[in-house]
Amino acid sequence: NLLGGWWKYLVTDVTEGKPGNRERLAFIYDSRKVKFGGLAGELVIPPLKTAPSHQPARTPFIAGFQAGWFRFALCTVHSLYGKGGSKSPARAKEIDVVAGLAAKRAKSRDPGDKWQNNFVLLGDFNIFKADEKDPSFKALQKHGFDLPRQIRSALPGSNAKKDKHFDQIAF
């Protein structure tokens with residue numbers, strides 16, 4: 001209300017369980033610039049051939065938007081922090097699976113996936129360093145998502161000390 005009636009939002013339900021921390025994922029947008037396109041949902045990892053798949057603690061949230069003629073999907077994530085600091089294998093695997101599924105949707109020729117052909121992954125990836133040596137960053141880039149080099153080198157980290165690049169936007 002303080003921003004004005006043209007500001008809109010989409011919010012998920014809370015996550016359950018300790019790893020999810022009862023968090024919500026959300027999109028806040030200026031409806032004078034961007035229109036919600038009707039697509040909203042979760043990026044759910046498909047089951048394996050022999051067993052159910054492991055879902056992220058906080059299921060990535062997707063919404064379709066339109067700015068002028070340009071249609072795109074935003075997918076916000078909050079990746080597992082995990083054990084092992086910057087080299088957490090669980091976090092790198094989660095980013096790998098999420099980025100792989102997002103890339104598959106972005107490349108899809110299925111008419112139902114048109115919102116997702118222009119796919120932007122964003123959120124708290126818990127990436128320690130935005131460079132090719134960081135395992136979590138490598139997992140993101142492996143599927144064709146990239147962070148423009150100018151942004152990587154020009155912006156400080158997103159944590160309080162400004163030395164870790166937890167929050168990212170990948171195209």
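Two strands are taken as paired if DSSP finds at least two bridges between them. Helices (H or I, at least four residues) and strands (E, at least two) are DSSP runs, numbered from the N terminus. The model is predicted: local features need pLDDT of at least 70, side-chain atom pairs count only at pLDDT 80 or more, and totals for chains, interfaces and linings use all residues. Residues are numbered from 1 along each chain as its sequence is written, and side-chain values use heavy atoms, with hydrogens and water left out.

E4 and E5 form a hairpin. Two residues lie between these strands. Gly68, in the turn, has a positive phi of about 65 degrees. The two strands pair in the antiparallel sense, over seven bridges. Phe72 in E5 is the bridge partner of Phe65.

On its other pairing, E5 (residues 70-78) runs parallel to E6 (residues 119-124), joined by six bridges. Cys75 stands opposite Leu121 in E6. Thr76 stands opposite Leu122 in E6. Strand E5 is mostly covered, with seven of its nine residues buried (under 20% relative accessible area; exposed is over 50%, partly exposed in between; 1.4 Å probe, protein chains only).

A nonpolar patch on the surface is formed by Leu3, Trp6, Trp7, Tyr9, Val11 and Ile28. Together these residues have about 660 Å² of accessible area, from the Shrake-Rupley method with a 1.4 Å probe, where for residues only the protein chains shown count as cover. Patches are made of residues with over 30% relative accessible area and no salt bridge; like charges are joined within 9 Å, nonpolar side chains (Val, Leu, Ile, Met, Phe, Trp, Tyr) within 5 Å. A salt bridge is a side-chain nitrogen of Lys or Arg within 4 Å of a carboxyl oxygen of Asp or Glu. Strand E1 (residues 7-11) gives the largest share of the patch, three residues. Tyr9 lies in E1 and is exposed, with a relative accessible area of 60%.
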